[in-house]
Each structure stands twice: as structure tokens, then as C-alpha cells.
Amino acid sequence: MRETETRIVVYTEAGSEGASPGIAGKFLQLRWRGLEHLIFSPAALHGYHTQILARFVEERGIPHHRTGDQSLAVDSPDLDVIGGGRFRVDQGGTTLDLWDNSQAFGRFDERGLAGRIAAADHPWNRFSVNIA
């Protein structure tokens, strides 16, 4: 993956972009219209990576359709799901841990990811990023 602008989206139960310390859940890494997107969602809100993807495409009017209970097909050549994993923001609100992979989409691409998060125009750019 080439270096590019990265947009961070954080879903919360209130729908805001913020996140309290100690938040944990799943995330997706995708490219849409040439921009990398990292979409984070607490486990209580979205238990599956496909649910995170469904919300993202529905909010943006991206054509898609269900292919099963937990399966989703995106009908847009502008969107490519790279992978996913799990995340946790520590209780102090200073560290973002990324690990694991998505059963539906595979592992995220970690090459240069910490630097792109630091360069993102989002409050999470201040986090120290640990990738396991």
C-alpha cells in the first residue's frame, strides 16, 4: 500500500467521533475513492467486521447487498476492504493497541500504519500505536 491520507472513523453508541479511555472493539481498514479509512467500533456496538462495513457503506450510500446473515457484498469498484482486527485504547487514553485479524476480511496491513495514524486529521493521531 502506498503512503496516502488516512481518515479515521470512530463509531460510538451515541454516534459521535469521540472515544473514552478503555474503549475496545474491532476495526476495519479499507480504501474508498483512493483514501485509506480506519473504522473503529466498540464490541458492544458491532460484534462483527461485516456490521462495521455495513454501517460505513449505508451511511455513504455505497451500493451493497446482503449475501447471508453475516455476509455483505459491496457493489462498488471504488471500495476495497484491506482487512481488520481488534483494537483497544488504554485507560490513560494515550495508547492504541492493534492486533488480530478479521475472519471475514483477513488481517489489516500494518506497514506504515502507525505513521499514517499519527499524520491523520483526527484526535486519535496523538496515540502511541502498538501493533501485535
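Predicted model: local features only at pLDDT ≥ 70, side-chain atom pairs only at ≥ 80, totals over all residues.
Biologist: Let's start with helix α1. How do you know that its length agrees with what a helix should span?

Modeller: Helix α1 has twelve residues, 49-60, and at 1.5 Å a residue they should span 16 Å. The C-alpha atoms at its ends are 17 Å apart, which agrees. Just after α1 comes G61, with a positive phi of about 65°.

Biologist: Which residues of α1 are buried?

Modeller: Among them are H49, I52, L53, R55 and F56.

Biologist: Why is the pair of W32 and F56 called edge-to-face?

Modeller: We ask two things of the rings. Their centres must lie within 6.5 Å to count as a pair, and planes over 60 degrees apart count as edge-to-face. The centres of the W32 and F56 rings are 5.9 Å apart and their planes meet at 85°, so the pair is edge-to-face.

Biologist: What makes that pair a tie between parts of the chain?

Modeller: W32 belongs to strand β2 (residues 24-32) while F56 belongs to helix α1, so the pair ties together parts 24 residues apart in sequence. W32 and F56 are both buried. The whole structure holds seven aromatic pairs, and ring pairs also link F27, F40, F87, F108, W124 and F127 into a cluster.

Biologist: How do you know that the charged end of R55 sits over the ring of Y11?

Modeller: The limit on distance is 6 Å from the ring centre, and the charge must also be within 35 degrees of the ring normal. The charged end of R55 is 3.8 Å from the centre of the Y11 ring, and it is found to sit over that ring.

Biologist: Where in the chain are F127 and E5 found?

Modeller: F127 lies in the loop between α2 (113-119) and β8 (128-131), and its C-alpha atom is 9.7 Å from that of D90, 37 residues away along the chain. E5 is in the segment before β1 (6-10).

Definitions and conventions
Residues numbered from 1 in each chain as written. Heavy atoms only, no water. Helix = DSSP H or I, 4+ residues; strand = E, 2+ residues; numbered from the N terminus. Expected span 1.5 Å × (residues − 1). Buried < 20%, exposed > 50% of the residue type's maximum accessible area, 1.4 Å probe, protein only. Phe/Tyr/Trp six-rings, centres within 6.5 Å; stacked < 30°, edge-to-face > 60°.
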